[in-house]
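Welcome! Let us take a walk through this structure together, one stop at a time.

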Amino acid sequence: MSGFQSSWLALREPVDLRARDGGLMRKAAEWLAVSGAAPLVADLGCGTGATLGAMEPALRDAGCNPRWRLIDNDPALLALAAERAARLGVDAETRCLDLSDAGMIPTGGAALVTASALFDLAAEDFVATLAEALAGAKAALYATLNYDGSTSFSPSHPLDGIVVAGFNRHQLRPKGLGRGASLGPAAARRLATAMKALGYDVELADSPWEVEPEDQKLAAEHIAGMADAVGELGVLDPAEARRLANISARTRRQGAGDGGPPRSPGDSRVGPSLTRSLIRSPRIRSGWRRSSPSVLTRA
Ligand SMILES: C[S@@+](CC[C@H](N)C(=O)[O-])C[C@H]1O[C@@H](n2cnc3c(N)ncnc32)[C@H](O)[C@@H]1O
């Protein structure tokens, strides 16, 4: 088990799909179509196969019917990815393995390597080693949805800056893809720099999550995760958080009984729980945007 639940991946898939830059995806498909007969795509950290699903229409339009190698360390997710491939009539094999050592990743024979929502989990050496392997094989890379650290909420709240900065700092914790700290918000930039240095053409496009009130389930889960991350770091001074919550509630009151802040000034459950209640309040968070560039790089 990787810790990525299929229910979470299912929640994010429609928002991811909306976010993907269609132009970049089309270019990846067109590049693959002219790369040779029966090309192979290796999808790293495939989860339930969202990238395969997202790319299918663009590949069909490009007249390309590649084979896929779906790689993940979670057998349950891989089984769902295999089911998806079968449903779509796509020729796919699954490999259940740990990607922690980028030098051991079976990208051999792949014309295109893909990864979605993966590189922000990776460390510096993972990117450097994978970049060398790609260049050695002249493979292209299409890496989407790499969170770049900018999240903005609408309407905004006095705690936004500190919450997002705390979350971004938490993103740097090692996730096991390579050694040491994760690149987190620096991942897309680092990837682009590494590939350019190896003589690759690099194109970047934004693939932002635009989370609307109708995406409440995803918003609630993600924001709870953000609150937990910020709570773990202890970056919010509880007294200051309470003060800001009260100011915010006074200036924003739009009606009673919506279950949001403020908590009473005597409430001792401050810190993470207050933060969570603050940033989860539907009154305060009707929409938000999270920027996640995509990278397409070709030799
Ligand atoms: C955020 S999910 C993205 C899944 C999928 N690419 C998508 O866009 O829906 C990250 C994926 O990477 C996989 N993963 C994380 N660390 C891994 C590791 N060390 N080895 C193999 N897979 C890993 C997880 O199991 C998960 O499926």
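A residue is called buried if 20 or more other C-beta atoms lie within 10 Å of its own, exposed if 12 or fewer, and partly exposed in between, with C-beta atoms placed from the backbone. This is a predicted model, where local features need pLDDT of at least 70, side-chain atom pairs count only at pLDDT 80 or more, and totals for chains, interfaces and linings use all residues. Residues are numbered from 1 along each chain as its sequence is written.

Our first stop is L296, in strand β10 (residues 294-298); strands are DSSP runs of E with at least two residues, helices are runs of H or I with at least four, and both are numbered from the N terminus. L296 counts as buried because it has 26 C-beta neighbours inside 10 Å. Leaving aside residues up to four places away in sequence, L296 touches L24, K27, A28, Y142 and E203, where contact means C-beta atoms, placed from the backbone, within 7 Å. Y200 is 96 residues from L296 along the chain, yet their C-alpha atoms are separated by 9.7 Å.

Next comes helix α3 (residues 50-61), whose buried residues include L52, M55 and L59. Just after α3, G63 takes a positive phi of about 70°.

Finally, look at helix α1 (residues 6-19) and helix α8 (residues 216-233): their axes come within 9 Å and cross at roughly 120°. Axes here are lines fitted to C-alpha atoms, for helices over the stretch in contact, and angles run from 0 to 180 degrees between N-to-C directions. The contact is made by W8, L11, R12 and V15 of α1 and K217, L218 and E221 of α8.

Conventions
Contact = placed C-beta atoms within 7 Å.
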